[in-house]
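Here's a quick briefing for anyone meeting this structure for the first time. Have a look at the sequence and the model, then read on.

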Amino acid sequence: MKTMKWMSAALAAGATMLLAASLAQAADKLVISNWDGYMPKDLPEKFKAETGIELEVAVHATNEEIMGKVVASKGEGYDVLFVSSPFAEALSKLGIAAKLDHGKIPNIANLYPEAAQLTHDPGNSFSIPYAWGTTGLCYRSDVVKAAPTSWNDLLKPADDIKGKTTMLSTDRWLMAAGELALGMSVNEIDPAKLEQVKALLIEAKKTLLAYDDTTFYSKLVSGEASLVQAWDGWCNYGIAEKPEIKYVIPKEGSDLWVDTMVLVEGSKNKDAAYKFLDYILKADTGKWVVENIMYKTPNKAGMEAIDKSMLEKYPNMAIAPADLLKYEQLRDLGDGMKVFSKVVTEITSAK
Amino acid sequence: MRKAYLVLVYVFLYTPIAVLMVLSFNKAGLPTAWTGFSTEWYGRLLESPKIIAAARNSLIVAMASTFIATAIGTLLALGVERRKASSGLDALLFMPMIIPDIVLAIALLSFFTLVKFSLGLHSIILAHVVFNIAFVCAVVRARLKSFDWSLTEASRDLGATAFATFRHVTFPLIWPAVVAAALLAFTLSIDEFIIAYFTAGAGQGSTTLPMQIYAMIRFGVTPEINAMATIILLMSFILVLLAQRFNRGSMPGT
Amino acid sequence: MLPGLLWLGILMVVPCAIILVTAFYERGTYGGVDWSVFTFANFARAGEWLYLSIFLDSARIAGLAAFFALLIGYPAAYAISKAAPERQTALLFLAMLPFWTNYLIRTYAWIVLLNPSGLANNFLQWLGLIHSPLPILYNEFAVILGLVYNYVPFVILAIYSALQRLDPSYAEASRDLGATAATTFWRITLPLTAPGVAAGAVFVFVLSIGNFVTPDLLGGGKLQMVGNLIYDQFLTARDWPFGSALSVILIAIMLLLLFAQAVAANRARGEGKSHA
């Protein structure tokens, strides 16, 4: 009967597709995972032209995702990962990030001396910094009545900006705004102190428009929001669309965030991976990062090669590395994570 | 009256779609502010092999998992409905629907890692079949609850084999439910992200469209992504029209 | 029946058993599982009011979503089943088509529609119905709307497949015996399609309660549902044991609901048959 033939054909088709899909497995390649658009688009071709190594770029949307995948599979299939510093730290402690042999990465000399003094990994023994920056307040200077100077301008907003503020939704930065406002460490795990932060942030939630990690700058551009918590590089995206947008680091301080590259311990292509790390540390990649994704890079050679007009248009790029190091870095919280996570749940579920 | 209501419902279903189609022609890259008409995003899309490859992968995964899950799920439903109600069996069949997908995702990845099973598009297909079986089974079982088993008994009494009974009696009667179930499974699979992300192989070769889009939303949904959604929609629409003309007379309800 | 059971057995029961068993152990300092300590602490913690209230809230929202999805979907399925036979499949496909685009993209489209300067507000103001934008985004209303929107087609499918083979002679007989259209619907059609309705309601409820994208985007991250909670525990807090404990409890509650639904469906069927 016709439908029976259909069904068996369907099953056969399904099985063949399954087979075909599995046979279409990639051969020997260098596999890296990065955020989308975080690396020059033509890097794989140029890399292959120079070293002959085939590069496959997988994408991840958040640190947490790639961490979940890598922790569950011990990094199977990946050679190099781009993750933020607290996660690189965790990967190292879990034995998934390999110890780096600097001898194989001569271009590491391109980094600022300060880049070797990062608290999560002094000496860059298991991670190489790729981009860094601060987290602060991004706002419409033409809309807000008074320019913000403190984290409390976001957490206890003036009447004209009530309901027009956003905060970052990633737990560490969400809490950091409160912690910095109260003069605490961004790596605080004392339950009593966290309770204070919680109270402050639950109050702040009442006047908050939304927690937003991705579209906060476009909310500024469209006028939906007037003052947002933002990473400096992202504020630049807003500034590019609307020059009235400005970035400021509140007087209580900021955190120094660092996006890094780690080599997976279980990688079967370590030599190729080293060549990749070395290639990334070239001056022109650093220059690309600044000019295309508007982030600062710890690559000294790269920063010095950029178009100087960028520094005028995006003032937050001009901050000196020595000044960056004044800010505390987010570290993995270890066992303190449970308490921290509970407080965050209390805040996000508060009515 | 019925028609008017249906039209209203379709308006509800398609309004956001209309919005995203319009936005795909937005000049600037912003997801929320209209700045002028432009087709550059469609051009950019065609130059982006990653997106096209991801779309192709999604289709492969969705079709394969739908075929397999529909076949297995239908047989499962038949087997289950014929016997006495068993709460244990019901619970088992219900589980894939209620297990939070992050749990299933991590569970499968851990399992695959443990048994050293290779990852790739095929592992995603296997994973998708797991939850699709449950949905297919549920839809077909709902149909089978009002099924007249005396028809199959009669067929057997008259000497037909089990297989022939299935082919000529049971299957034609439950065919619409099976199609509905397959449609459901396909829809669930083509848009599924978490399980696909975790059970995929490490490289680009097993990236599906939802995975690609999730990674691209760093800046919100750009017109480029909307352009892709519009193209997918138009292609699906054309497919449906073609299928409709082609299959007139052999589809459910006819 | 065997291939189905084998598949589920190997690819669901075993992997899930591995993960769910971690609920009895402790979180490793940097994530992962510390297998050295057997404990019930995770379950105790999962029973705390903070988490229970999130469960209850999620159930309420998922329930509302299921209710509205049924309200909208049932008449639509009915209309499709009464349409010209050769059109029915096309109508079904058309209902599913929007959902072959991407969940994220559709949700962002709703954000465009619902925000204060968005189309919905502009339209209502143009109609003169309101004078300043309604707060219809980044709150519970938006989340329920988003959930209903995304799951109505599943309801339509489930109910359509139940309606499709309904013997029209039952309804005819009812009308011949003098019952109004309403009575016919409530006493004959609805009970006989109860399994489809139950399946649809369960789909929406189950898919809604585990959803984390919609509360995140349409709720502006200000609403915590069980889906977000479990996702956060597994990925953000890297606390698999606690995430597993929460999942075990969620699954247990859902199984209880399943039994309640099965009982209700059986009773409805019994009623329908005895009156037909």
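**Getting your bearings**

Chain A is split by its domain assignment into domain 1 (23-132 + 257-318) and domain 2 (133-255 + 331-349); bounds like these come from an automatic or database domain assignment. Keep in mind that this is a predicted model, where local features need pLDDT of at least 70, side-chain atom pairs count only at pLDDT 80 or more, and totals for chains, interfaces and linings use all residues. Residues are numbered from 1 along each chain as its sequence is written, while chains are lettered from A and ligands numbered from 1 in the order in which they are written.

**Chain A on its own**

- Chain A has 15 helices and ten strands, where helices (H or I, at least four residues) and strands (E, at least two) are DSSP runs numbered from the N terminus.
- Its C-alpha trace spans about 70 × 65 × 40 Å along the principal axes.

**Where the two domains of chain A meet**

- The C-alpha centres of domain 1 and domain 2 of chain A are 27 Å apart.
- Domain 1 of chain A puts 14 residues into the contact, and domain 2 of chain A puts in 13; two residues are in contact if their C-beta atoms, placed from the backbone, lie within 7 Å.
- On the domain 1 side, helix H4 (85-93) and strand S4 (128-140) of chain A each supply at least two residues, with H4(A) giving the most, three residues.
- That side of domain 1 of chain A has nine nonpolar, three polar and two charged residues. (Ala, Val, Leu, Ile, Met, Phe, Trp, Tyr, Cys and Pro count as nonpolar, Asp, Glu, Lys and Arg as charged, and the others, Gly among them, as polar.)

**Chain B and its contact with chain C**

- Chain B also comes in two pieces, domain 1 (1-31 + 219-249) and domain 2 (52-212), and their C-alpha centres are 26 Å apart.
- Chain B brings 80 residues to its contact with chain C, and chain C brings 72.
- Several helices of chain B supply at least two residues each to this side, including H1, helix H6 (121-144) and helix H8 (162-190).
- The largest share of the chain B side, 13 residues, comes from H1(B).
- By class, the chain B side divides into 59 nonpolar, 14 polar and seven charged residues.

- Helix H1 (residues 2-23) of chain B packs on helix H3 (residues 49-81) of chain C at about 125 degrees, with the axes 9 Å apart. (Axes are lines fitted to C-alpha atoms, for helices over the stretch in contact, and angles run from 0 to 180 degrees between N-to-C directions.)
- That angle makes H1(B) oblique to H3(C); under 35 degrees counts as roughly parallel, over 145 as roughly antiparallel, 65 to 115 as roughly perpendicular and the rest as oblique.
- Arg2(B), Tyr5(B), Leu6(B) and Val9(B) in H1(B) meet Ile72(C), Pro75(C), Ala76(C), Ala79(C) and Ile80(C) in H3(C).
- This contact has eight nonpolar, no polar and one charged residues.

**Where chain C touches chain A**

- Here chain C supplies 21 residues and chain A supplies 25.
- H12(C) gives the most to the chain C side, with four residues.
- The chain C side has nine nonpolar, eight polar and four charged residues.
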